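Subject: Structure handover

Hello,

I am passing on the structure we talked about. My notes on it follow below.

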Amino acid sequence: MRFSKKKTALSLVLATSLAMSVPFPSAFALEEGSASGSGRAEQPSTSAVFPSEQGEDTVSSGAEDIGGSTSVDSGASDGSEAPSAGDSADKNGQPAINNAAEESREQPGTDAKVAEEAVPLQSDSAEKAAADKSLQKIASVDYQAHVSSIGWQSWVKNGLKAGTTGRSLSMEGLKIKLSSASGGISYQAHVSNIGWQSQVADGALAGTTGRSLGIEAIKISLTGEVASEYDVYYRVHSANLGWLGWARNGEAAGSAGRGLAVQAIEIKLVEKGATFSGYGSAAAFSEPMISYSAHVSSIGWRSASSDGATAGTTGRSLALEALSVKNASTQVGGSVIGQAYVMHSGWQSEVANGTVGTTGKALPLQALKFRLAGDLAARYDVYYRVHVSNIGWMGWASNGSSAGSLGSGNQIEAVQIRLVSKGSGAPGSTSDSYRGCGLNYQAHSESYGWLAPVTSGKTAGTVGKAKRLEALEISLGDQKYSGSISYQAHVSGIGWMDWRSDGSVAGTTGQRRSIQALKIKLSGEMSDHYDIYYRVHSEGFGWLDWAKNGDVAGTTGCSLRAEAVQVKLVPKGSSAPGSTAHPSYTLAFSYKANVRNSGWQGSKTSGGVAGTTGKGLAIDQLSMSLKGTNIGGNIQYSVHSSNVGWQDYVNADSVAGVSGKQIEAIKIRLTGDLSSRFDVWYRVHAQNIGWMGWTKNGASAGTSKLGYQAEAVQIEILPKGSAAPGSTAKPYRDKLYANQAVKRSDGTYVWYNGNGNADRGAAVNKIMSTARSLLGVPYVWLGVYPYDGGMDCASFTWYLYKQLGIDIGFETYDQMFSGKRVGSLAEAKPGDLILMYNGGWPNYNPALYEHVVLYAGNGMIYEEPTFGGRCQYVPLSSKGASTILIRRILAD
């Protein structure tokens with residue numbers, strides 16, 4: 001029978017052991033191979049088995065094993081402390097080995113037997129030395145665990161369990177060292193609330209003690225010569241997970257990111273190149289690969305989810321507004337790159353390991369894209385799916401494709417994301433992962449807000465409801481070609497705003513401003529293959545004709561609201577959807593003044609002030625222009641100049657007025673199509689008066705016959721029927737005052753009739769007529785107006801003078817100081833106020849008059865008497881007043 005070199009060495013060890021009465025080392029076993037039935041030559045086999053708690057793992061030398069196998073456990077079965085290099089040894093320096101213990105353990109699933117073949121004894125000293133050397137090379141791994149509530153346990157070795165199972169006790173610290181080996185062992189712990197610590201070696205502490213922080217994962221590596229002779233295998237028992245698979249040579253074992261502590265560990269050394277049957281059969285390390293947290297409307301940020309769990313809500317109609325996504329792995333580098341389509345904002349820029357979407361803006365997410373970069377991308381595919389309002393869970397999308405729904409106004413409510421090994425396939429159905437459409441656009445309209453999106457050629461906005469179009473967003477959706485769509489809005493009170501693109505909002509919301517005109521254009525490949533046509537439904541015009549590729553559609557300078565829009569993609573060079581004759585109208589109006597001693601000022605546009613105020617400088621001439629206007633008609637204007645009078649109308653771009661002659665009044669009117677669509681409003685700032693009221697369409701503004709110079713003008717052209725820009729009171733005077741009261745320095749008022757003449761009698765007649773109309777109205781204390789159900793004495797007299805535009809106050813004590821005092825009843829005139837004290841309330845101060853009446857002449861008065869009474873016309877003497885005060889309001 002033949003022996004292999006390895007078996008010969010083992011025979012020498014056996015012979016030497018027998019001669020020296022040294023127990024045979026349990027780490028070795030001799031095994032005789034058997035020939036196959038085919039007559040194949042016998043091949044000796046040797047296998048070393050390191051027991052686990054379950055006893056299922058074996059280490060084999062591989063190709064040599066063709067017959068039965070024999071395995072002998074190299075570890076002590078009683079869990080005693082592992083020997084160190086300085087532990088007890090026999091007289092030859094070899095570690096003492098307990099044969100009885102070894103013989104008592106039979107590895108399940110293996111056939112333990114001793115070689116039956118006789119081995120010749122050798123006395124040669126060289127062979128003895130070789131045997132000694134073989135024994136010295138048997139490396140051993142020793143390790144010790146620090147366990148919560150227990151502390152440091154005894155050392156164990158070579159595959160035995162350190163720590164505990166079934167007691168929910170965390171391993172907090174770990175020490176590892178080698179015996180009988182040239183080289184060292186290094187290891188690194190992942191600790192709760194700390195993460196991966198720095199690497200330690202050769203018996204140093206990994207983890208912590210006294211801090212109640214569990215080890216969650218471990219990495220172990222060999223260094224030096226031993227690393228070329230052995231692989232180190234190890235596995236851990238983790239909370240809630242149990243025994244995980246075997247790791248080796250620096251791979252992570254345990255978990256991270258899950259808060260699960262290691263409870264026990266087994267470590268083994270295996271000859272380099274030997275097959276270890278337990279390795280690779282189960283995962284050695286568990287950690288979330290991808291982590292994501294959702295910001296939900298009405299809730300805010302929710303706790304993080306991972307690896308396919310749901311982030312967000314379902315069944316509550318709450319929109320997902322933002323999503324924070326990151327690579328959660330501690331072992332695989334790389335990034336998760338996300339991109340979100342935000343309602344009214346469009347596709348945002350990509351973000352790596354960060355947040356997509358918005359917070360604090362109430363803008364839902366509508367679609368998502370994710371892709372991987374770095375090592376993640378090399379090893380994994382990223383799959384994701386979304387739960388969408390009115391749809392539910394959609395199919396799985398992957399690696400940068402879109403998930404969600406665009407063009408329907410639906411919102412994402414929840415999301416699931418997970419990494420799958422490269423090429424392994426989707427976690428579920430990939431159908432219906434995204435619902436897009438082609439060109440789509442959405443309008444924000446007055447009183448309605450955001451309306452439902454519409455597609456190419458459909459109407460966005462309203463027609464026939466006189467509602468302004470306030471904002472617009474446009475998206476190309478899914479197209480064959482790459483590119484973008486950009487659009488620009490001309491907004492009332494602002495003008496042309498910045499360009500927007502691909503779903504972001506053009507215009508304004510919440511500001512009561514109208515879009516008036518639009519420009520839309522394509523870029524990229526889309527512009528090479530398509531024309532973009534669009535038209536606007538405009539106030540006063542209706543549907544205008546079609547514009548294309550960045551031209552203006554709508555109106556500018558006209559103050560006309562856009563109410564709706566239609567947009568359509570047309571293959572490059574194809575016919576327009578309709579007429580393109582008049583897609584837009586522009587009213588470009590300006591005016592300027594020639595100011596005395598200053599000359600011609602710069603042009604002003606609608607509502608601007610031409611001239612000066614507060615400087616006493618007259619306007620001598622005016623000129624107006626419609627250059628750039630494409631609406632038919634003209635503007636004509638006439639001025640009234642001092643010592644000249646009214647002059648003939650002139651047309652736009654002409655000068656009205658005479659140099660050196662102050663303008664006192666103006667008239668302006670429109671002609672042609674302009675006059676049918678617009679009103680022209682204007683007002684004058686006149687000397688000694690200030691700004692007068694607005695008037696329109698050829699009526700006079702300013703003064704004449706008074707010698708007052710016009711110092712400034714304002715002009716606005718507004719859509720037909722629009723309200724005046726301001727007050728229309730007294731836009732023109734050719735008399736100083738007419739039908740108004742003017743206060744004098746003594747507190748009395750002069751009343752001027754319609755002819756501009758002072759007329760006290762007309763004012764008194766109006767007061768008396770009003771008083772007579774109120775006879776019989778009940779006395780109501782603190783009543784103000786007749787239609788309140790009644791008045792008291794002071795509100796009665798206040799109301800009478802209010803008809804003349806004179807405010808005397810509606811308290812008795814206000815009226816005590818109105819106008820001027822009259823010395824005696826003999827001097828009293830109709831229209832005077834008489835205040836009196838008659839011993840009633842307040843009876844502590846006769847100077848505080850308690851009643852007021854209107855004197856009607858001839859000893860008669862009008863009054864609201866007292867509680868229970870009604871407005872009456874009675875003699876003054878009937879009041880029995882002990883004290884009276886007469887106040888004159890209307891000047892003589």
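Two residues are in contact when heavy atoms of theirs lie within 4.5 Å. On that basis, among contacts in the protein chain with a separation of 6 or more, 63% are between residues 24 or more positions apart. Please keep in mind that this is a predicted model.

Overall figures

The protein chain contains 10 helices and 75 strands. It has 892 residues, and buried ones make up 50% of them. Its accessible surface is about 38,700 Å², with 45% of that belonging to carbon and sulfur atoms.

Helix 9

I looked at helix 9, which spans residues 793–802. Nine of its 10 residues are buried, so the helix is largely enclosed by the rest of the structure. The buried residues are Cys-793, Ala-794, Ser-795, Phe-796, Thr-797, Trp-798, Tyr-799, Leu-800 and Tyr-801.

What do these residues pack against? Two of the partners are helices, namely helix 8 (760–773) and helix 10 (812–815). The others are strand 71 (833–837), strand 72 (851–857) and strand 73 (860–863).

Helix 8 against helix 9

The axes of helix 8 and helix 9 come within 9 Å and cross at roughly 135 degrees. Angles over 145 degrees would count as roughly antiparallel and 65 to 115 as roughly perpendicular, so helix 8 is oblique to helix 9. The crossing of helix 8 and helix 9 is right-handed.

On the helix 8 side, the contact is formed by Ile-767, Thr-770 and Ala-771. They meet Phe-796, Tyr-799, Leu-800 and Tyr-801 of helix 9. By class, the residues of this contact are six nonpolar, one polar and no charged.

Leu-178

I also checked one residue elsewhere in the chain. Leu-178 sits in strand 7, which covers residues 171–179. Is Leu-178 buried or exposed? Its relative accessible area is 17%, and the cut-off for buried is under 20%, so Leu-178 counts as buried.

With neighbours within four places in sequence left aside, Leu-178 is in contact with the following residues:

- Ser-140, Val-141 and Asp-142
- Gly-183, Gly-184 and Ile-185
- Leu-222 and Val-226
- Leu-269

Val-226 is 48 residues away from Leu-178 along the chain, and the C-alpha atoms of the two are separated by 9.4 Å.

Regards

How values were computed: Residues are numbered from 1 along each chain as its sequence is written. This is a predicted model: local features need pLDDT of at least 70, side-chain atom pairs count only at pLDDT 80 or more; totals for chains, interfaces and linings use all residues. Side-chain values use heavy atoms; hydrogens and water are left out. Buried means under 20% relative accessible area, exposed over 50%, partly exposed in between (1.4 Å probe, protein chains only). Helices (H or I, at least four residues) and strands (E, at least two) are DSSP runs, numbered from the N terminus. Axes are lines fitted to C-alpha atoms, for helices over the stretch in contact, and angles run from 0 to 180 degrees between N-to-C directions. Angles under 35 degrees count as roughly parallel, over 145 as roughly antiparallel, 65 to 115 as roughly perpendicular and the rest as oblique. A crossing is left-handed if the near helix is turned anticlockwise from the far one by less than a right angle, and right-handed if clockwise. Ala, Val, Leu, Ile, Met, Phe, Trp, Tyr, Cys and Pro count as nonpolar, Asp, Glu, Lys and Arg as charged, and the others, Gly among them, as polar. Accessible areas come from the Shrake-Rupley method with a 1.4 Å probe; for residues, only the protein chains shown count as cover.
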